[in-house]
Amino acid sequence: MKTIYLDNNATTRVAPEVVEKMMPYFSEYYGNPSSMHMFGGVVGKQITEARENVAALINADPGEIIFTSCGTESDSTAIYAALQSNPKKRHIITTRVEHPAIKNLCEHLAKTGYRVSWVPVDREGRLDMDYLAHRMTEDTAIISIMWANNETGVIFPVEKIAQMAAEKGIAFHTDAVQAVGKIPVDVKKSGINMLALSGHKFHAPKGVGVLYVKKGTKFAPFLIGGHQEKGRRGGTENVASIIGIGKAAELARKDLADGEMDRVRSLRDRLESEILEKIPNTLLNGSREDRLPNTLSVSFEYVEGESILLMLDQLGVCASSGSACTSGTLEPSHVLRALGVPFTAAHGSIRFSLSTYTTPEEIETVASELPPLIRKLREMSPFWKKGASCSIQ
Ligand code: PLP
């Protein structure tokens, strides 16, 4: 059975060109880039090239790129850097729909004496900009708002928010882990202070990330140790993965320029319209317009997301549900709850996320398998029998 992988917001296939580029740096050129000898120098040159490629993808200067171990480390570094650089300020602004990399960190900081404002979103996942504007104070150390949401794909107006923050002299960080490689990201245009990205979301390996820090932004390292990354992140570089993320950045930049994401968008749109047309009592989660081109989050009333996932899995289709399995109960995710997805639908939420490797045939297969699958599950559901005639509010 062939796998149809539609879970690319969870992680992506490493591009063959990336694997090929990385291979020599495991067993042939295994020098430490900090070493003075020629062997280390070969590696150092490759890291420089990777830094230039990542910088080009987001229109940064290479000196503004810090390699880290993942998106989570980049996010933590950004928040702690701002808090340490502004020790008297005790207020953080973020949103109700952040990834746990920011959400759980801010909840932790709230327990240690920081005040956190959580900006709400509307039914389409759009930010309440008035709420945000009214929460900015002299005490605000940092605003951290994601560029695009990992569950719904909804894109936030980060360029506008960066400008609002700059006017008030507040540091602005964005978690762009889901945005980079899928939509154009230009840090020069936006005036963002810090930005996190992660290699495994755009066809580089897991375990490598980047923190962009705008020149002139107050900064303090999170990992204190050696002089690597100009003293901004201690630890011997993950050489092969850094070379890999550099190659992936080069490929992503070319794909964006060639309109590859428009092709992905049209596949996503085809899947979306087939689902909404053929499966009654189905809701689209998040704004149709302001959305990543690869992401589709839908809620099927009166079915469990986990049952759908299991049945899709039997057909070789990989997707994600919108529930978090905590303490034995399948609660809808904090993102779907923040959007106010009705209870009858939130439990049946599925995220399909496509990539440059997704084919039209794969989309056709999923579009034709899904309606009978949902029908079958609904026929087994006592809630469907009772509620089938109700319309969705
Ligand atoms: N931020 C967002 C929006 C994500 O989607 C993810 C991963 O799913 C992360 C942060 C964490 O990235 P990493 O897995 O590289 O730590």
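**Cavity and ligand site**

The largest cavity is lined by Lys-21, Gln-46, Glu-49, Ala-50, Asn-53, Ile-243, Gly-246 and Lys-247. The model is a predicted one. The ligand is found in the largest pocket, and 14 residues surround the ligand.

**The cavity**

- The count of cavities of 30 Å³ or more comes to 1.
- The space in the largest cavity is about 40 Å³.
- At least two lining residues come from each of helix H3 (38-58) and helix H9 (239-257).
- With 4 residues, H3 gives the most to this lining.
- By type, the lining of the largest cavity has 2 nonpolar, 3 polar and 3 charged residues.

**The shell around the ligand**

- Thr-72, Asp-175, Gln-178, Ser-198 and Lys-201 are the closest of the residues that surround the ligand.
- Helix H4, which spans residues 71-85, gives the most to this shell, with 3 residues.
- The shell around the ligand is made up of 4 nonpolar, 7 polar and 3 charged residues.

**Contacts with ligand oxygen atoms**

- Lys-201 has a polar side-chain atom 2.5 Å from an oxygen atom of the ligand.
- For Thr-72, a polar side-chain atom lies 2.6 Å from a ligand oxygen atom.
- Gly-71 places a backbone N or O atom 2.8 Å from an oxygen atom of the ligand.
- On its own the ligand has 390 Å² of accessible area, and the protein covers 88% of that area.

Note on methods. Residues numbered from 1 in each chain as written. Predicted model: local features only at pLDDT ≥ 70, side-chain atom pairs only at ≥ 80, totals over all residues. Heavy atoms only, no water. Near = heavy atom within 4 Å. Polar contact = N/O pair within 3.5 Å; in protein donor to acceptor, adjacent residues only side chain to side chain. Areas by Shrake-Rupley, 256 points an atom, 1.4 Å probe, with all protein chains shown as cover. 1 Å grid on protein atoms, 1.4 Å probe; cavity = no way out; pocket = protein on both sides within 12 Å on 5 of 7 lines; lining within 4 Å. Sits in = over half its atoms within 2 Å of the grid points. Nonpolar A, V, L, I, M, F, W, Y, C, P; charged D, E, K, R; others polar. Points joined across faces, edges and corners; volume = space filled by probe spheres on them.
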